[in-house]
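Student: Could you walk me through reading a structure, one feature at a time?
Tutor: Gladly; let us look at it together.

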Amino acid sequence: MFSVAKPRYSGISAPALKPLFKLTLPPSAAYTIGTLSIGERRVGLVSDAGTFVGERLRGTILPGGADWILVRPDEVVTLDVRAVLETDDKALIAFTYRGLRHGPAAVMERLARGDPVDPSEYYMRIMGSFETAAPRYAWLNRIFAIGTGRRPPTGAVYEVFELA
């Protein structure tokens with residue numbers, strides 16, 4: 001018989017989450033590159049109709065960003081997004097995030113058809129970082145963000161949090 005040692009921590013506490021913003025991305029043009037050895041590659045353009053709203057920053061998403069989507073052979077959808085956020089006071093912020101979306105095959109088929117699906121039926125999470133030269137938002141250059149997502153028929157919606 002053996003015992004499992006409990007991990008020891010040196011007084012380091014678990015990170016806290018601080019609400020950052022709600023990000024809404026409506027559907028936009030997408031291109032299917034095709035099936036590669038690593039999965040099916042699609043590139044979705046980030047629409048300029050997107051918004052982000054939070055207590056510390058809010059604004060719109062500028063055109064020109066893209067989501068380099070990969071549908072892996074195990075049916076997990078990987079997200080790789082670069083977008084430019086413009087705050088209401090005209091600061092520009094580069095937001096880069098990666099994520100995963102997966103669930104039971106029947107649920108993912110409903111999502112692909114554009115049917116409404118309860119987000120508790122699938123997994124959709126992101127992790128991201130920021131770059132800005134705007135002094136007011138320089139604190140974003142020093143944090144990571146994580147988020148939970150859902151994919152209603154109107155596009156993607158993320159609740160994004162600062163990993164404090």
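**Contacts, core, helix and pocket**

Tutor: Leaving out neighbours within four places in sequence, Phe130 is in contact (heavy atoms within 4.5 Å) with Leu20, Phe21, Leu85, Ile93, Ala94, Phe95, Leu140, Asn141, Ile143 and Ala145. This is a predicted model, where local features need pLDDT of at least 70, side-chain atom pairs count only at pLDDT 80 or more, and totals for chains, interfaces and linings use all residues. Residues are numbered from 1 along each chain as its sequence is written, and side-chain values use heavy atoms, with hydrogens and water left out.

Student: Which residues touch the most other members of the largest nonpolar core?

Tutor: A nonpolar core is a set of buried Ala, Val, Leu, Ile, Met, Phe, Trp, Tyr and Cys residues joined through side-chain atoms within 4.5 Å; buried means under 20% relative accessible area, exposed over 50% (1.4 Å probe, protein chains only). Here the largest core has 35 residues, and Leu20, Phe21, Leu23, Leu85, Phe130 and Tyr158 touch the most other members. Two or more residues come from each of strand E1 (17-25), E6, E7, E8, H1, strand E9 (123-131) and E11, with E7 giving the most, 5 residues. Helices (H or I, at least four residues) and strands (E, at least two) are DSSP runs, numbered from the N terminus.

Student: Which residues of H1 are buried, and which are exposed on the other side?

Tutor: Val107, Met108 and Leu111 are the buried ones. They lie on the same side of H1 because they cover an arc of only 95° around the axis, taken from the directions from the helix axis to the C-beta atoms. These buried residues pack against E8, while Ala105, Ala112 and Arg113 are exposed on the other side. After H1 comes Gly114, with a positive phi near 90°.

Student: How many residues line the largest pocket?

Tutor: On a 1 Å grid over the protein atoms alone, a pocket is an open set of points where a 1.4 Å probe fits, with protein on both sides within 12 Å along at least five of seven lines; lining residues have an atom within 4 Å of a point. In this model 40 residues line the largest pocket, and Arg42, Ile69, Val77, Arg101 and Arg151 lie nearest its centre. H1 gives the most to this lining, with 5 residues.

Student: Is Pro63 buried or exposed?

Tutor: Pro63 is exposed, at 56% relative accessible area, in the loop between strand E5 (58-61) and strand E6 (66-71). Setting aside residues up to four places away in sequence, Pro63 touches Val46 and Asp48.
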